[in-house]
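Hello,

Here is the structure we talked about handing over. Please have a look before reading my notes below.

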Amino acid sequence: MLSWARTWRLPCGGLELSRTSFFRVLVAPSSSGQGGAEPRPVPLSYQLLDGEAGRPALVFLHGLFGCKTNFNSVAKALARRTGRKVLTVDARNHGDSPHSPDMSYEAMSQDLQDLLPQLGLVPCVLIGHSMGGRTAMLLSLQRPELVDRLIAVDISPVETTISSKFPAYVAAMRAIDIPNEVPHSYARKLADKQLSPLIKDLVLRQFLLTNLVEADGRFVWRVNLDALAQHMDKILTFPPRQESYPGPALFLLGGNSKYVQ
């Protein structure tokens, strides 16, 4: 059971691409709820691997700066091994999902509350990494009937000091200056060089650079940096809740992880 920040029980545990939905750099109107109203959902981009209809689907939610393709290999392997449907989703302001000025966990949870029933994937096994893990936790608390079991990867509801670096990453990405109509390989090298004084970790820079895309001869970030910068304080903290999640919950972390105390 997950009761705000507590976890108890440990759960146990033909591939076909069923459907892929793309919404390329759409901009949604503000989805912030007014006067206590629920946030307005946006149509998320997703990829669904087909499987048995009678077993709960596996739903993967990526972390900050990530996208649904982060889980391609894992999703395909689990679809083969389990025979279940596997869904990978781009969060709002990430990947191929629409841009929106609202980047709260309440809004990200509402997006899933809208999408999962549409696809007939409830209740599901909800697997979230980092930011996606907190979205999964909030959805489990708000709508436990939609979640068969919860798995949070390398994240907890408790804030950690390492996350304080994220605003600096956003600022560095916003400061990148790349000439128009240059080859993608050159643009990537130039961006990497400009990021390196602040972000020393090559692997981290390469991960961030997966968001650098070409549009109409210009190189842009497909992640909505303005929305992330405006709402970073919300992303780095878990919204306080009074509800409890009664289902099985598993928290996974690496042995050297600095994101879970």
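Leaving aside neighbours within four places in sequence, which residues is Asn70 in contact with? They are His62 and Phe207. Bear in mind that this is a predicted model.

More on Asn70. The residue sits in the loop that runs between strand 4 (58–61) and helix 1 (72–82). Its relative accessibility is 39%, so Asn70 counts as partly exposed; the buried class would need a value under 20%, and the exposed class one over 50%. The Asn70 side chain reaches the backbone nitrogen of Cys67 at 2.9 Å. Asp90 is 20 residues away from Asn70 in sequence. In space, the C-alpha atoms of Asn70 and Asp90 are 9.9 Å apart.

Next, helix 3. This helix covers residues 131–142, 12 residues in total. From first C-alpha to last, helix 3 reaches 17 Å, close to the expected 16 Å. Of its 12 residues, 11 are buried, so helix 3 is largely enclosed by the rest of the structure.

Last, the protein overall. There are seven helices and 11 strands. The protein has 261 residues, and buried ones make up 50% of them. Its accessible surface comes to about 12700 Å². Carbon and sulfur atoms account for 53% of that surface.

Best wishes

Conventions
Residues numbered from 1 in each chain as written. Predicted model: local features only at pLDDT ≥ 70, side-chain atom pairs only at ≥ 80, totals over all residues. Heavy atoms only, no water. Helix = DSSP H or I, 4+ residues; strand = E, 2+ residues; numbered from the N terminus. Expected span 1.5 Å × (residues − 1). Buried < 20%, exposed > 50% of the residue type's maximum accessible area, 1.4 Å probe, protein only. Areas by Shrake-Rupley, 256 points an atom, 1.4 Å probe, with all protein chains shown as cover. Contact = heavy atoms within 4.5 Å. Polar contact = N/O pair within 3.5 Å; in protein donor to acceptor, adjacent residues only side chain to side chain.
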